[in-house]
Amino acid sequence: MADLRDQTLAFRLRREWPAYVYLLPVTIVLLFLNAYPIAYTIYISMTDFGTGPKGSLLHYHYVGLANYDYVISHQSSTILQLVGNSFFWAGGCIALFLLVGLGLACVLNQPLRGKTIYRTLILLPWAFPAFITLLVWAGMWDYEYGIINGVLNAIGIHSVDWLLSPDNAWAALFITNVWLSFPFYTVVFLATMQAIPKDLYEAASIDGAGALSQFRRITLPYLRPTIVFVGLMGFLFTFNNFYPIYLLTNGGPGLSTQIFITQSYSDAFGAHGAAPLYSTAAMYSVLDFLIIIVLTVVVIWGADLTRNWLR
Amino acid sequence: MTGVTLQNVTKRFKTETAVDDVSLAIVDGEFVVILGASGSGKSTILRIIAGLEVQTSGHVYIGDMLVDDYEPRDRNLAMVFQSYALYPHLNAYDNIAFGLRVRRVPRADHPRKLRHLTKREVDAKVRSAAQMLGIGEMLRKRPAELSGGQRQRVALARAMVRDPEAFLLDEPLSNLDAKIRSSARIELKRLHARLRQTFIFVTHDQSEAMTLGDRLAILNHGRLLQCDTPERVLSHPANQYVASFVGSPEMVFLEGNVQPAGAGYTFVKDPVRIPIRGAARPGPVTLGVRPWDVRVEKEGSPTALPSRVTGVERLGSSDHLFLELAGPAPASGAAAPAPPALSVRAVTRAYDFNVGDRAFVTFDPDRALFFDAEGARLESMSLATRLP
Amino acid sequence: MRVRPRRRWVRLAKRVASHLVLILACAFALFPIYFIVVTSLSTLPIAAITAHVLVPNPHSLTAASYNTILYHLSPSFLALMTNSLIFAGSAAATGLALAAFTGFALSKFNFPGRRTFVYFILLISLFPGVLLVIPYYFMFNSLGLIDTYLGLIIPYSAGAVVFSGILVKNYMDSIPDDIEEAALVDGLSRTQAFFRVLIPLCYPVLGLAAFLAFLGPYTDFALAHLFITTTNLETLALGIYSINSGDQGTQNYGLVTAFAVVMSLPIVAFYLAFQRYIIGGLTLGAVRG
């Protein structure tokens with residue numbers, strides 16, 4: 001056999017080694033800022049950090065899976081509610097994002113006067129820091145002083161107890177989060193749509209395809225990789241998106257809008273005047289992480305649609 | 001200004017072999033065209049020479065330097081890509097100057113130390129190349145603002161200014177309009193004559209290959225089938241694939257048999273029977289004739305095959321005829337079924353024939369070729385001049 | 001002849017409907033912003049704001065809140081802004097460099113272990129970030145980096161790096177290999193080709209990545225709240241929080257919203273200036289690739 005110069009691992013390494021150099025910084029950063037703290041959190045979730053006897057904050061002990069055992073046997077209904085709420089929150093938001101984003105992108109994709117102005121204005125909420133606008137939204141939903149009830153009153157509708165009843169609280173959360181995110185989704189889909197060759201549509205319209213069937217037969221297939229990737233990333237992000245719920249309802253009323261991440265945060269920082277329960281908080285975030293991993297693996301394996309993105 | 005030599009070069013990708021044991025010596029200053037259908041491995045060869053791919057086995061020499069382990073940038077070659085691959089963010093001037101600005105040359109006072117070219121040196125080279133190619137007026141334009149032909153010239157200029165060991169051209173004309181393409185061909189040939197540098201040019205277009213190449217290297221499925229001058233490739237193709245791939249209109253092939261006839265042998269393909277000269281063995285063979293070696297006459301000579309004109313393609317200076325051979329009339333009374341029609345294409349003087357005309361066909365005996373069942377050329381066999 | 005007028009009506013109706021939809025979307029997008037701006041220009045008590053926002057009274061518009069924000073804050077607004085810009089600017093620069101290198105390596109190299117690496121960084125970035133704050137505190141405390149610029153810049157740099165890295169990778173995938181190869185034949189090393197050819201071609205997506213990398217740290221509250229105890233390191237997010245949580249006894253909507261407006265200005269300005277790049281970066285290469 002002649003020497004097979006290009007088939008060996010050594011050859012590939014000799015040719016591709018710069019990649020490792022380029023990835024070294026990001027690897028160090030991620031190991032230091034992600035991998036290590038994650039491992040640390042997993043460890044803490046198996047200690048009595050914050051839950052043990054008084055003064056144990058820095059003298060905690062390894063307790064194995066006791067924390068997990070406790071919540072699963074004693075608080076399984078809480079866990080189930082958190083799972084349900086987290087999925088409802090992320091799923092509902094993503095469905096709305098995709099619906100609003102795709103719809104507006106389709107409208108904006110036609111030749112229309114003032115398109116650029118519309119696009120700029122629609123994207124504007126994205127440029128405002130979410131943290132600030134959430135504080136403002138929280139005020140806007142206020143029962144007594146909020147502008148939203150003010151507007152409703154002005155057109156003759158009684159005030160709604162937005163953040164005080166479960167159904168209305170969810171509605172307020174969804175509307176607020178759609179406001180925060182729809183600009184991004186609209187522009188992503190619009191940008192992708194504009195890259196679809198125009199002659200495809202011309203050919204389809206000569207074939208007698210109407211607007212709806214053009215959307216189904218051309219637009220949707222072209223957008224599919226983007227929809228799947230953006231949808232998946234958006235779902236995972238929303239699953240852990242802490243600020244809207246924390247700042248608007250803080251999980252309330254009761255536990256009705258509580259999700260893993262807000263529960264975890266409240267425990268960790270001892271919300272409602274309680275003592276910080278850091279090991280419990282760590283456990284919730286580990287459970288959250290596990291759910292997300294399973295979900296991601298299922299999506300990536302189940303649908304080869306993301307292949308384009310992660311290939 | 002150096003030759004390029006490939007020695008038993010093989011490139012295997014995961015499952016298929018793209019280049020199969022190719023050896024090819026390209027002489028300094030030569031214009032070699034690598035010709036093949038898509039997927040024949042011709043671009044892979046070019047990329048291996050450039051160093052953009054590394055061969056699985058075999059060696060590449062530039063001049064007498066073994067360059068197997070050289071990075072592309074150390075090979076000092078210039079390449080023109082099919083897409084031209086101009087840098088979209090730079091204008092034509094900066095595209096051409098790009099390679100010059102990164103390059104370093106020995107210093108006059110200190111031959112061992114290197115220096116960058118001065119701005120003035122770069123400018124002089126860019127302008128002279130641009131002028132030679134007639135793009136001096138559009139140096140400030142970005143690639144997106146240039147036409148296909150202009151882009152192609154910018155790509156050529158970018159290759160020229162580098163003063164490379166050899167030029168590698170990967171189908172540089174295939175993205176041009178048909179009209180510009182033929183003038184671009186002539187210009188390219190003129191450029192080569194002027195630069196007297198080694199050009200290695202890849203194409204799937206045989207007429208492009210014929211007009212440009214000092215020599216053609218014909219590839220199929222990664223194998224080098226033949227490397228020779230255009231004339232020799234046309235008149236002495238190594239095998240049936242080369243014979244059919246090169247030459248337009250395509251060679252006429254008649255698949256028949258060699259049968260013993262009296263003292264000698266005859267080529268038989270009903271209704272055609274033509275005696276053979278030279279060493280022959282009975283068995284299946286293919287007879288190949290270039291359409292322009294098919295002689296068509298109005299009056300029958302005793303050796304001619306009677307036929308009927310079924311189609312005429314008028315090209316102005318000449319006509320392409322589609323003929324159906326009738327063969328010698330079968331002996332009367334024999335209940336033989338009518339032989340299947342046999343189509344032959346011929347090139348004739350313009351307006352000599354019309355559809356439906358009777359015509360008498362002879363094949364130029366010195367130019368007709370025989371191939372065996374595997375497609376290999378049977379060089380010892382040729383047609384006899386006379387019919388018995 | 002009978003078909004034509006009907007089709008014209010349909011087209012007109014479609015256009016009117018499109019404009020209506022877009023006007024509604026813009027109203028939805030802009031209403032809270034409008035609310036913020038009008039509120040910031042008044043010093044009315046909360047109860048009166050609603051009516052004022054719905055029918056603004058020109059006579060009660062005042063820049064008093066802005067005056068307070070800009071000149072009568074302690075620490076001064078300028079100091080807060082400077083700190084925020086230092087934190088977010090350094091983090092964006094570092095994050096951008098990391099994302100560019102990551103995208104380049106993942107897009108243009110086929111190194112052993114590439115797939116595994118992509119899944120690794122994706123996975124690792126899925127852990128709920130808010131909860132990393134506590135381990136960070138212990139880590140940076142033991143490194144003596146609490147209450148320092150570096151102590152916040154480091155964790156901020158990693159914020160958007162995985163998402164941006166994948167964005168850059170995807171954008172680079174859509175740049176034909178030809179162009180990089182032309183540079184290699186032209187005499188460049190792969191690193192030179194990266195800096196001189198690929199980077200300029202990636203400006204849109206890099207603009208987007210910079211924007212994302214800047215936005216997170218600029219508005220971060222959780223980490224800053226935990227890490228910063230000295231006043232001279234305080235950021236804008238901490239400033240608005242302390243006003244909102246009512247150090248002065250009652251919440252002052254005028255002050256909070258005026259603060260929000262001024263804080264948002266740099267981002268809005270950046271966005272308006274680089275809108276084209278940002279939107280170009282969002283094309284995501286999904287079709288071209």
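Tutor: A residue counts as buried if 20 or more other C-beta atoms lie within 10 Å of its own. Keep in mind that this model is predicted.

Student: What percentage of the residues of chain A count as buried?

Tutor: Apply that cut-off of 20 or more other C-beta atoms within 10 Å. Chain A has 311 residues. Of these, the share that counts as buried is 39%.

Student: How many helices and how many strands does chain A have?

Tutor: Read along the sequence, chain A follows the pattern α-α-α-α-α-α-α-α-α-α-α-α-α-α. The secondary structure of chain A comes to 14 helices and zero strands.

Student: In chain A, what share of the contacts between residues at least 6 apart in sequence join residues at least 24 apart?

Tutor: Start with the contacts in chain A between residues at least 6 apart in sequence. Then pick out those that join residues at least 24 apart. Their share is 62%.

Student: Which helix gives the largest share of the side of chain A that touches chain C?

Tutor: Here 76 residues of chain A are in contact with 75 residues of chain C. The side of chain A divides into 59 nonpolar, 14 polar and three charged residues. The largest share is 16 residues, and these come from helix H2 (residues 18–44) of chain A.

Student: Which element gives the largest share of the side of chain B that touches chain C?

Tutor: In this pairing, 17 residues of chain B are in contact with 15 residues of chain C. Two elements of chain B give two or more residues: E6 and helix H2 (92–102). By class, the side of chain B has 12 nonpolar, three polar and two charged residues. The largest share, three residues, comes from H2(B).

Student: Which residues does a cis peptide bond join in chain B?

Tutor: Most peptide bonds are trans. Look in the loop between helix H8 (240–245) and strand E13 (252–261) of chain B, the place of B:Pro249. There omega is about 0 degrees, and the cis bond joins B:Ser248 and B:Pro249.

Student: Is B:Asn76 buried or partly exposed?

Tutor: B:Asn76 is in the loop between strand E5 (65–66) and strand E6 (78–80) of chain B. B:Asn76 has a positive phi of about 50 degrees although it is not a glycine. With 19 other C-beta atoms within 10 Å, B:Asn76 is partly exposed.

Student: How many other C-beta atoms lie within 10 Å of B:His221?

Tutor: B:His221 also has a positive phi of about 50 degrees, and it is not a glycine. Its place is in the loop between strand E11 (215–220) and strand E12 (223–228) of chain B. B:His221 is partly exposed, and its count of other C-beta atoms within 10 Å is 16.

Conventions:
Residues numbered from 1 in each chain as written. Chains lettered and ligands numbered in written order. Predicted model: local features only at pLDDT ≥ 70, side-chain atom pairs only at ≥ 80, totals over all residues. Contact = placed C-beta atoms within 7 Å. Helix = DSSP H or I, 4+ residues; strand = E, 2+ residues; numbered from the N terminus. Nonpolar A, V, L, I, M, F, W, Y, C, P; charged D, E, K, R; others polar. Buried ≥ 20, exposed ≤ 12 C-beta atoms within 10 Å, placed from the backbone.
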